[in-house]
There are 4 protein chains.
Amino acid sequence: MTRAERNEDVKRRLFDAARHIVGELGYAEASVARITEMAGVAQGTFYNHFANRQALLDSLLPTIGQEMAHFIQERSETVRPESEREVARFRAFFDYLGENAGFLRILNEAEFAAPEAYRQHMDNMAAPFQRILGRARDRGEVQDYADPELEVIVHILMGARSYLSQHYGSGPLDEPIFSAYARLLRGGLFAGS
Amino acid sequence: MTRAERNEDVKRRLFDAARHIVGELGYAEASVARITEMAGVAQGTFYNHFANRQALLDSLLPTIGQEMAHFIQERSETVRPESEREVARFRAFFDYLGENAGFLRILNEAEFAAPEAYRQHMDNMAAPFQRILGRARDRGEVQDYADPELEVIVHILMGARSYLSQHYGSGPLDEPIFSAYARLLRGGLFAGS
Amino acid sequence: MTRAERNEDVKRRLFDAARHIVGELGYAEASVARITEMAGVAQGTFYNHFANRQALLDSLLPTIGQEMAHFIQERSETVRPESEREVARFRAFFDYLGENAGFLRILNEAEFAAPEAYRQHMDNMAAPFQRILGRARDRGEVQDYADPELEVIVHILMGARSYLSQHYGSGPLDEPIFSAYARLLRGGLFAGS
Amino acid sequence: MTRAERNEDVKRRLFDAARHIVGELGYAEASVARITEMAGVAQGTFYNHFANRQALLDSLLPTIGQEMAHFIQERSETVRPESEREVARFRAFFDYLGENAGFLRILNEAEFAAPEAYRQHMDNMAAPFQRILGRARDRGEVQDYADPELEVIVHILMGARSYLSQHYGSGPLDEPIFSAYARLLRGGLFAGS
DNA sequence: AATGAATGAGCTTTCATTCAT
DNA sequence: AATGAATGAAAGCTCATTCAT
């Protein structure tokens, strides 16, 4: 390994240790001592790679969030029409959770333990989501909600993912979750007039 | 004041101090030192009224959650039909937040800082909600979702409240929030087949 | 009960609670809170009967020590000659321990937890012991040790009781303890010249 | 000083401070705050060298006990016969106390403040002592006590040391202590049959 | 770049004692 | 005489960060 590679390797090990600890035990348990111990380096070494503890914790969610976004994108990009595609995205979200058990904790605790990262992640998720729905609306696949309303819809759908994953866990989920979600988006909840 | 009243008063002051600090700064900042200082009593006094720090923090959410439930109930009980009533509840939730700025933080952080209280609160909210929707379905006001699907819907609607309040804050909210919410529940998101 | 009797009763209950707690758990665990709780009175009541916590703890050993002295006296007063009588006293000491499990702890910890009481108790035990041995010497039953030497012997014999009870516990003891003790006192340890 | 030496030096200073404080004032007064202050380091430094307060306190007696055992061994190893040698050991014990004033307190309080260390120390002292007496018996220098009786004798002799040092202090002692001890071991206490 | 000991502020909790009721 | 809440000092321990090596 070159010097630069060694350097990169240590940084990666610190990041992975933090990811593992936060995912398993939460941000509070991710002390510098614990992270460096798991990474197999001395405590002081930490500060050669990250400005401080918060800096590493703040880097967790955006990085992993990106990973998740790619995963969902891959699983849903070919699906049509948009209503099916949204359900595919919804399913892909839970599939990702199933394979990345710790992510939910990294995400949910971030609101308080890594607020800046959290805000960034939410923006990273919401903006493209809203663009997708906007374009679908322009194609006629989504009803004619105004742009500010679509923004609201986006947050409803993200809130739905969050609460459902929290309540139902991250294992393989029952069908009613998907059928109810799909049905709500297609025809609403209340009996029409 | 009688002796019992004084006693009650101190306990109330401790509770209110904690409520204020957690609402403003989060559970982590609610040290016994800070709580007792704000309540104007000595640190040792704390333990005459609560078994330990966690006991007080755990009592925050159930108590305040009850308060919120009453508020929402009052604001929505006379509204008909159910679709309007759900929007009334939705509005009342945000009205409550507007008047109780700290509640959101007490609620959201509780998942990690007071997990037992959180689970209890979520159950307290979800169970009656599902009963209401179930009865409305039986009256024909809600489409014929199966019971497990209604449970899913309930968590979607609670997630919606959470993410929207998080994103839009707790001040007076714009109309699109309510119109988008109402419209989604009435007719879904996607253009009909 | 008259007022004085009630008063005496509370004081007795406090004493008994302390005796029980110290015997079972040691002086350190005998907090005023725990003593008053076991006695069934309020904390403040304690200070109507004892100047402070230490005053009660200091009264434990002398009182119980007296009790033990009576017990031993009764069991040994008729035994003759002195060599047998000393063994009878020695046996009675362990018999008392067997029936008063907590005493050993009250005694041994007292050296540090209630030093004044300890010194007093040791004097209470040593002085009559030395008188007994002195008179036996004058009768010719004990060899002609000088008085300062008898004082030394007394502390050796008390130390023996202490270490043996510590090492062998306070249950029913094996015969070698008594035979070795008796033999040492009768003929020493080393093979005579 | 090299880094390792500095490290060792700090640990030594903490140990010596604890030894001094416990010897002078007892275990209860040996708070981490007091120890570190005397050692001239910050409180947090303590935990770089010992797992916790108890760990240091538990290391006191075994270490110093070892030291004392060496001292006594050196002072007595050449003395013969065994009866004289035992008196030499007895004297050496008090000589050690005279030079290490705090040891007595470290030892006696340990029964309650560092029970594990105490038990270990007692075993460390008793076992070789009993071996010595057993061999002397086999050589004919000690009367034919059975092995369980010799164990009893050992605890009597240790109890004697403890109570005598407690009663007579640790300064230079009067001759009667030694003469009485020697005489008891040689010919017992009571006048022969 | 890596090390790991030192720092000191901060935490929760305990407890003997006081005193107004 | 009895009550029991209030007090506040003191305890053990944690941890992010610094810095000399």
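Me: Helices (H or I, at least four residues) and strands (E, at least two) are DSSP runs, numbered from the N terminus. Which helices each supply at least two residues of the surface near DNA strand F?

Reply: From chain A, helix H2 (32-39) and helix H3 (43-49); from chain B, helix H1 (3-25) and helix H3 (43-49). Chain C brings helix H1 (3-25) and helix H3 (43-49), and chain D brings helix H2 (32-39) and helix H3 (43-49). H3(B) gives the most, five residues. Bear in mind that this is a predicted model: local features need pLDDT of at least 70 and side-chain atom pairs count only at pLDDT 80 or more, while totals for chains, interfaces and linings use all residues. Residues are numbered from 1 along each chain as its sequence is written, and chains are lettered from A and ligands numbered from 1 in the order in which they are written.

Me: What makes a residue count as near a strand, and which come nearest to DNA strand F?

Reply: Its C-beta atom, placed from the backbone, has to lie within 6 Å. Of the 34 residues around DNA strand F, Asn52(A), Gly44(B), Gly44(C), Ser31(D) and Gly44(D) come nearest.

Me: How do you know which class each residue of that surface belongs to?

Reply: Ala, Val, Leu, Ile, Met, Phe, Trp, Tyr, Cys and Pro count as nonpolar, Asp, Glu, Lys and Arg as charged, and the others, Gly among them, as polar. On that basis the surface near DNA strand F has twelve nonpolar, 19 polar and three charged residues.

Me: Why is H4(C) called oblique to H6(C)?

Reply: Helix H4 (residues 53-76) and helix H6 (residues 103-113) of chain C pack at about 135°, with their axes 10 Å apart. Under 35 degrees would be roughly parallel, over 145 roughly antiparallel and 65 to 115 roughly perpendicular, with the rest oblique. The angle of H4(C) and H6(C) is therefore oblique.

Me: Which residues of H4(C) and H6(C) make the contact?

Reply: Two residues are in contact if their C-beta atoms, placed from the backbone, lie within 7 Å. H4(C) puts in Leu57(C), Leu60(C), Leu61(C), Ile64(C) and Met68(C), and H6(C) puts in Phe103(C), Ile106(C), Leu107(C), Ala110(C) and Ala113(C). By class, that's ten nonpolar, no polar and no charged residues.

Me: And what do chains A and B each put into their contact?

Reply: Chain A gives 41 residues and chain B gives 40. H8(A) gives the most to chain A's side, with 13 residues. That side has 21 nonpolar, 13 polar and seven charged residues.

Definitions and conventions. Axes are lines fitted to C-alpha atoms, for helices over the stretch in contact, and angles run from 0 to 180 degrees between N-to-C directions.
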